[in-house]
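Hi everyone, thanks for making time this morning. Let me put it on the screen.

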Amino acid sequence: MDNGTITVPLYRLAHGRTGDKGNRSNISVIAWHPALWETICAQVTEAAVLQRFADRRPARVTRHLLPRLQAMNLVIDEVLDGGVNGALNLDSHGKTLCFRVLEMPITLPQALAPHLAGEA
């Protein structure tokens with residue numbers, strides 16, 4: 001904690017789900033509370049997600065914001081090692097990739113802590 005801020009994993013601010021189409025992963029991030037939305041948008045950027053998956057060498061990350069739902073859809077191209085029919089990995093659908101995003105550290109004002117899910 002520093003200057004009235006805390007750092008917690010994104011899953012304390014949001015939940016998500018993963019889907020796939022070919023070699024593309026779609027990851028939703030949905031805020032637990034509307035007060036957390038601006039913080040999520042400020043830190044879960046295309047660049048931050050691209051860096052999070054750098055070891056998998058995605059071609060691109062595109063972020064689609066749905067502010068009325070306090071949600072975003074992250075489209076990550078060429079991250080599934082060829083997709084369901086072409087990948088030899090154990091998670092060819094990429095279902096576990098959502099948690100990779102939800103583990104991102106997020107810094108937020110201490111005043112928003114009451115809106116976080118889970119234990120401190």
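**Two charged pairs**

Let's begin with Arg-60, which counts as partly exposed at 47% relative accessibility. Which side chain does Arg-60 meet in a salt bridge? That would be Asp-77, at 2.9 Å from N to O. Arg-60 sits in strand β4, while Asp-77 belongs to strand β5, residues 71-77, so this pair links distant parts of the chain, 17 residues apart. Asp-77 is buried, with a relative accessible area of 6%.

Do keep in mind that this is a predicted model.

Now, the structure holds 2 salt bridges, and here is the other pair: the side chains of Asp-55 and Arg-100 meet at 2.7 Å, N to O. Asp-55 lies in the loop between α2 (46-52) and β4 (60-66), and Arg-100 is in helix α3 (residues 97-102), so the pair ties together parts that are 45 residues apart in sequence. As for the surface, Asp-55 is exposed, with a relative accessible area of 52%, whereas Arg-100 is partly exposed at 23%.

Let's step back to the whole chain. It has 3 helices and 6 strands, and along the sequence they follow the pattern β-β-β-α-α-β-β-α-β. Of the 120 residues, 36% are buried. Take the contacts between residues at least 6 apart in sequence: 66% of them join residues at least 24 apart. Finally, the chain exposes about 6900 Å², and carbon and sulfur atoms supply 53% of that.

Methods
Residues are numbered from 1 along each chain as its sequence is written. This is a predicted model: local features need pLDDT of at least 70, side-chain atom pairs count only at pLDDT 80 or more; totals for chains, interfaces and linings use all residues. Side-chain values use heavy atoms; hydrogens and water are left out. Helices (H or I, at least four residues) and strands (E, at least two) are DSSP runs, numbered from the N terminus. Buried means under 20% relative accessible area, exposed over 50%, partly exposed in between (1.4 Å probe, protein chains only). Contact means heavy atoms within 4.5 Å. Accessible areas come from the Shrake-Rupley method with a 1.4 Å probe; for residues, only the protein chains shown count as cover. A salt bridge is a side-chain nitrogen of Lys or Arg within 4 Å of a carboxyl oxygen of Asp or Glu.
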